Amino acid sequence: MANRAGPIGSQESQAAATVPGWAEHELLQFQRDFLSAGVIQGHGDELAVTENSGGANMTVEVGIGRALVSITPTLLEDNTPYLCPFVVTEVVELNITTADATFARKDRIIMRVDVATNPIGTASNISILEVLAGTPSGSPSAPALPSNAISLAIVDVPANDLAITDSQITDDRSYAELNSGVLASIARSSDLLTTQNDAPTWLGTITGTNTLTGTATPTRTSYTAGMRFAFIAQFSNTGAVTLNIDGIGAVALVGPDGEALSAGDILIGGIVEVRYDGTQFVMTSPKQSTSGGIGGNDNGLPQAELIVSRWYLDEASGTREDAVSSNDLTDNNTVTSSAGIDQLNATSPLSAQFTRSSSEYLSAADNAELSITDDMSISLWLYPDTTPAGSAVHAIVSKWDATTNLSFSFNYENGVFKLRISPDGTVPSIVDKTITATITEDDWSHVVLVYDASAGEIKLYVNGVQVGSTATGAPTSIFDGTAPIRIGADTAGSNTWNGRMQDVILWNAELTDAEVFYLYRLYTQPKEGLPTT
């Protein structure tokens, strides 16, 4: 067959003169090059085989769905394999042959295409759902799968059986997937785009102290100038460092200044970004020994210089200390403690336990540091003991008091997170922006709120990923009021939280997607592994 080019979907003849189209058999062959045979997921019941819905008997039902069946037709050009679409639009009932009186057997439920009939034609008998009856035996096995068919289920038929139930049906479906060659091509394209777009690729595994080894996805076979990678350090370095990715070979990893690294330039738990310059890897992130680092109060956090306060909330009771500044939190109505979630590089075995019925919350008096009027980000771990019902407001972090002293209030209300902002401190100017995101009751969720003042936009992240759409139309500034900062409450200690909180961090800055993801991985990386893309 001659090389073809033309608009996919056209039924134009091969004999067409100028812009040739694609005949249907060519489309089927094109489809085969990209997909494997199998059931197509997400349609109807995905051709599931079940007992008769009207009551178990010697029949089974095949549910609605779609599939691609690999066929080798004799009536199509080239006599080569194609993928034939198979659509079931209503539940089909199939009869199971009467059980043997002595031995059990196994039957196979299949979808088959009759290749003796041209599938381009209008014949209706080319698509067949059928039961292949097995041979009764003391050790029965299902019939072999014939050509031009896919298997849906295996049915056990005991001797003297009178009804087939779901317990006798074993799912035997396989699903249509992208061919491995296509996936490899996509991976290569993704790798190229990653380099072109200057985005770092996360190393899925990183080991070593000074002699670092890592793996990337997709796997690299050589280093190319401009390649960028990122990883979370498992150890603090004690001297000069080399990096070996995917076994290509160890090359020097140097600082942003091109000089060999000194002890502590990479610290455990720190995020490291590097670029290959053609001969060595150069750090594009700051040396951690000169940027606060894991051992400092900022704990290696992004935009550390713009952190206003960080409250671990790991004290058993009483005052909760600010690890960054002097904004210690006063305990109101006896906030207790419960088990917390461990961080990779700053274990916090306890968390603050708030009991709503006792109106418990924590607070710090207003000062210039806490009076954020521009960009703002709040990161914390939440563990709701109960899900707020109806319109009940559970305050998370606020600076919100009276009717003329309103700045912001970050709340959770029955599956909806809400940020309330007043640009002038009064009720009429309040703008509420909500983002729907459900967090699990009696479990930990990492929640980050990011407010971009200049754009009037709000983003919400749960467990490292943005949820919902970016909320727009928010005020472009926050009122500089005198209300205290409150953790777990808003106006005068009302709308208190019910559950636990841990590691509340407040920035007067807008965090990026990557920085939010890093915060989440500080806690989850030891349990879940590193990101691979």
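Here are some worked exercises on a predicted protein model, each with a task and a step-by-step solution.

In this predicted model, local features need pLDDT of at least 70, side-chain atom pairs count only at pLDDT 80 or more, and totals for chains, interfaces and linings use all residues. Residues are numbered from 1 along each chain as its sequence is written, and side-chain values use heavy atoms, with hydrogens and water left out.

**Exercise 1: Confidence**

Task: Find the average pLDDT of the protein chain, then locate stretches where pLDDT stays under 50.

Solution: 
- Start with the term: pLDDT is the predictor's confidence in each residue, from 0 to 100.
- The protein chain averages a pLDDT of 81, and 80% of the residues score at least 70.
- Over residues 186-197, pLDDT stays under 50, and the model has nine contacts (heavy atoms within 4.5 Å) for this stretch beyond four places in sequence.
- Residues 290-299 also stay under 50, with 28 contacts beyond four places in sequence.
- Where pLDDT is low, the predicted coordinates should not be read in detail.

**Exercise 2: The largest nonpolar core**

Task: Work out how many residues the largest nonpolar core has, and which of them have the most contacts inside it.

Solution: 
- A nonpolar core is a set of buried Ala, Val, Leu, Ile, Met, Phe, Trp, Tyr and Cys residues joined through side-chain atoms within 4.5 Å.
- Buried means under 20% relative accessible area, exposed over 50%, and partly exposed in between (1.4 Å probe, protein chains only).
- The largest core has 43 residues, and I396 and F417 have the most contacts inside it.
- Strand β23 (residues 376-384) gives the largest share of this core, four residues. Helices (H or I, at least four residues) and strands (E, at least two) are DSSP runs, numbered from the N terminus.
- Apart from this core lies another, of 28 residues, among them V60, A67, C84 and L152.
- Leaving out residues up to four places away in sequence, F417 touches a set of residues including L382, I396, Y412 and L460.

**Exercise 3: A lysine in a strand**

Task: Decide whether K418 is buried or exposed, and find a polar partner for its side chain.

Solution: 
- K418 sits in strand β26 (residues 416-421).
- Its relative accessibility is 17%, so K418 counts as buried.
- The side chain of K418 makes a polar contact with the side chain of E413 at 3.4 Å. Such a contact is a pair of N or O atoms within 3.5 Å; within protein, one must be able to donate a hydrogen and the other to accept it, and residues adjacent in sequence count only if both atoms are side-chain atoms.
- Beyond four places in sequence, K418 touches S409, F410, N411, E413, D432, K433 and T434.

**Exercise 4: An asparagine in a loop**

Task: Describe where N367 lies and which backbone nitrogens its side chain reaches.

Solution: 
- N367 is in the loop between β22 (361-364) and β23.
- With a relative accessible area of 27%, N367 is partly exposed.
- A polar atom of the N367 side chain lies 2.9 Å from the backbone nitrogen of E369.
- The side chain of N367 also reaches the backbone nitrogen of L370, at 2.9 Å.
- N367 and P484 are 117 residues apart in sequence, while their C-alpha atoms are 8.3 Å apart in space.

**Exercise 5: Strands side by side**

Solution: 
- Two strands pair if DSSP finds at least two bridges between them.
- Strand β7 (residues 105-113) pairs with β8 over six antiparallel bridges, and I110 stands opposite E130 in β8.

**Exercise 6: Backbone details**

Solution: 
- P218 lies in the loop between β12 (211-216) and β13 (228-232).
- N495 lies in the loop between β31 (485-487) and β32 (499-507), and is partly exposed, with a relative accessible area of 29%.
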